[in-house]
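I set out to look up the contacts between side chains in this structure. My entries follow.

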Amino acid sequence: MKKFVKRILIGILIFIIILVILILLIPAQFDSTYQRALSVQYESYKQMDNNKIVLVGSSGFAFGLDIDTLEKLSGRDCSLLALHGGIGLSYMIEIAKPNIQEGDTVIFEFADSDVDEIGAELVLSGIENNYEMYKFFTLNNYPELLEAYPKYIGKRLEYWLFKDYVKQDYSIDYFNDKGNLILKREECTLPVDYDEEVYGIGSWNTTFNPEFIEIVNDFDEYCENLGADLLITRRLYIDESIKSTEEEIIASDKALDDLLSAPLITNSLDIIFPRE
C-alpha cells in the first residue's frame, strides 16, 4: 500500500514538474487576443496616483464607456478594470483593491453573481505570464483553475507549435496602452435577430445572492477605510432584450439600493437603449 501511494505521489510530482517546465518554456501566446487587455488594464492601474476614478465591472463598461470623454468631463484620470462578465466580478474587485487610495471614486458595475464565479480559461489566457495577478484568485477559485489548466497549457503549446490561433471579433489592437477600447463603432453590432441564449435578457429581480451582496458591502467598507468613495451602477441593456415591466425594474432598483451600503447612482430605466 505504501509503495502504491508513493508511486502516485511521484507521478503527481512529475506531472507538476512537467507542467511548470512547459509554463516557463512556452512564450506568451495570447498577446494578440482581446482578453490580454485585462493584464494591460491592471499594469496601467498600478501606476496611477490618487484622486482617480476607477471603473470596475464587465463588458458594459469595457465596450460602453468613452474613457477619454469621461476624463475630460471629470477633470480626473480614469482607470478601467472591466472586460468580460465571464471573468467574474469578485476577481475584478480583488484586482482593484491594491491601488485604491484616498480621494478615489470607485464605480462598480453591479450584476448579481456567484461569489466564486470565474471564467478560468478566459482569465488564464488574459493574464498568461503576468504571474502577479495569480494572487487575486481565492482558494475557492482553484478547483476550476486546476481543471482548466491542462487545456490552457495545451492551447498554448498548440499555438506555439502550429501557429493555429483562434480568430476573434476583437483583438488587443483595439485597445490602447491603458486597456481602454479605442475602436469606434458607428452602430450596434448585435445581430438583428437577437439571440437571447447568446446575449442574455434584461430581467430585473428583487432578490439577490446574499453572499455577493456581502462582498460588495465589504468592498464599500474597504474603500471607505482608505478614504475612497464607492458608487454602484447597473449594467446597460438593449431594449430588445427587456423582459421586465417598468414597475418591476423600479422595484428591483429599490430592492438593490436597500441591500447595498454604497449608493446606487443610476436608474435602470435610464440605461436601456434602442439599437439606434
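I call a residue buried under 20% relative accessible area, exposed over 50% and partly exposed in between, using a 1.4 Å probe and protein chains only. The model is predicted: local features need pLDDT of at least 70, side-chain atom pairs count only at pLDDT 80 or more, and totals for chains, interfaces and linings use all residues. Residues are numbered from 1 along each chain as its sequence is written, and side-chain values use heavy atoms, with hydrogens and water left out.

Entry one: salt bridges. I counted a side-chain nitrogen of Lys or Arg within 4 Å of a carboxyl oxygen of Asp or Glu, and the structure holds 13 such bridges. Arg36 pairs with Glu128, their closest N and O atoms being 2.3 Å apart. This pair links distant parts of the chain, 92 residues apart. Glu128 is buried at 0% relative accessibility, and Arg36 is buried at 11%.

Entry two: Lys46. This residue bridges to Glu43 at 3.2 Å between the closest N and O atoms, and to Glu132 at 2.9 Å, N to O. Lys46 is partly exposed at 29%, while Glu43 and Glu132 are partly exposed at 31%.

I paired rings of Phe, Tyr and Trp (its six-membered ring) with centres within 6.5 Å, calling planes under 30 degrees apart stacked, over 60 edge-to-face and the rest tilted. The whole structure gave 14 aromatic pairs. Phe63 and Phe175 have ring centres 6.3 Å apart and planes at 80°, so I recorded the pair as edge-to-face. Phe63 is buried at 18%, and Phe175 is buried at 6%.

Note on methods. Helix = DSSP H or I, 4+ residues; strand = E, 2+ residues; numbered from the N terminus.
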